[in-house]
Amino acid sequence: MSVELTGKGMNTRVVHAGANPDNEYGSVAIPIYQTSTFKFDSADQGARRFSGEEEGYIYTRLGNPTTAAFEQAIAELEGGYAGLATASGMAAVSTVFMSYLSSGDHIICGDAVYGPSRVVIEKEFSRFGVEYSFVDTADLHAVKSAMQDNTKILFIETPANPTIKLTDIQACADIAHEHSAVLVVDNTFMSPILQNPLKLGADVVLHSITKFINGHTDVVGGIIVSRDQRNHLLLRRVLRSMGGTMDPHQSWLVLRGMRTLSLRVKRAEKNAQILAEFLEKHPKVKWCRYPGLLSHPQHELAKRQMSGFGSMISFEVSGGVEGGKTLMDNVKIPTLAVSLGGFETLIQHPASMTHASMAEKQRVEAGITPGLVRLSVGTEDVEDLLEDMDQTLALI
Ligand code: LCS
């Protein structure tokens, strides 16, 4: 199955990755194969397809040409063996957990990951006898000492949502492999343009493609990319039987969205660097966390494992929750909404929104302070964003 490269550079690959399955009319845009099932020429052919003796489509939950084109495209961008598109980012997370964890196994998960990724372990997988540890994965000693004989997954998100803390991917791959566990990296915040965890030793990388990859704030979806065939076949079996696959219309939309991924990511990143430098110096801002700032405690790691700093910023306004509310209720250009990675700037308050499902004590331990505001910087004119932020911060 392995993926053929469509270009040396990332910009070329973003534009051309994913074969066009339309041989009949030669349409340049990938068609939507909006069908639930595929006709067999004969009973024997049906049997051959089911047994795997013959390649070909059977039923859309098990595979579809539009979805396959998207899977191939992201697998190429991540430098993996193959991709599996899922109905949402959480379907990607839970499929990965379901694939590697059995009763009595143990998972290590970063303590400041997207709230529901943590909650699905605590509330759902624990019901099946899965043990877990939430660890500050920025601290490699803590990761090492949390490893147990029954640890099957080391799950990290880097940068983490919403603390923008980084985890050393290569070091974590070494630790996981010493214990025969897999390293799974949620690469949502970076997109394949800025970070490729498989190249740093991870076994599986996943994304909520709802964010940067689609980039237009109109589709929910996910993708899992494996480094090799063994991991891919396991994940594919579980995904197909559990049923969280992507629908062809959704696949067509996300392929359309991803063609501008590198343009959007690079422009938003430029804006984010300027905004972060402005926020860091602003008297109404206590601290600002962005990997591109020299003050980010892991700026050196960011330079080593990422090819850019992204467009996610966290900062603490003075006045705690009230200060944050004043900001969110009065800004004009950023939209007050959860989610991230779209072309427009979004602002939100993790403690009361994306991370509200976590217990307060755990939130604070993970660095999600009550006044933390998260900004997903978009592609607007940065002068407008700066002016708006400055005028609104003055109200605090
Ligand atoms: N992983 C990360 C890092 C995320 O930020 C999200 C969603 C998911 C996985 C789950 O993806 P979904 O199922 O929503 O496609 N993050 C969100 C956020 O920060 N605000 O709203 C959703």
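Is Thr217 buried, partly exposed or exposed, and what is its relative accessible area? Thr217 is partly exposed, with a relative accessible area of 42%. Please keep in mind that the model is predicted. Here are the backbone details, grouped by topic.

**Cis peptide bonds**

- Thr158 and Pro159 are joined by a cis peptide bond, and omega there is about -5°.
- Pro159 sits in the loop that runs between strand S4 (151–157) and helix H7 (169–178).
- A cis peptide bond also leads from Asn161 to Pro162, where omega is near 5°.
- Pro162 likewise belongs to the loop between S4 and H7.

**Positive phi at Ile164**

- Ile164 is not a glycine, yet its phi is positive, at about 60°.
- You will find Ile164 in the loop between S4 and H7.
- Ile164 has a relative accessible area of 0%, and because buried means under 20%, this residue counts as buried.

**Positive phi at Thr217**

- Thr217 also has a positive phi, about 55°, although it is not a glycine.
- The loop that holds Thr217 lies between strand S6 (204–208) and strand S7 (222–226).
- With a relative accessible area of 42%, Thr217 falls between the 20% and 50% cut-offs, so it is classed as partly exposed.

Notes. Residues are numbered from 1 along each chain as its sequence is written. This is a predicted model: local features need pLDDT of at least 70, side-chain atom pairs count only at pLDDT 80 or more; totals for chains, interfaces and linings use all residues. Side-chain values use heavy atoms; hydrogens and water are left out. Helices (H or I, at least four residues) and strands (E, at least two) are DSSP runs, numbered from the N terminus. Buried means under 20% relative accessible area, exposed over 50%, partly exposed in between (1.4 Å probe, protein chains only).
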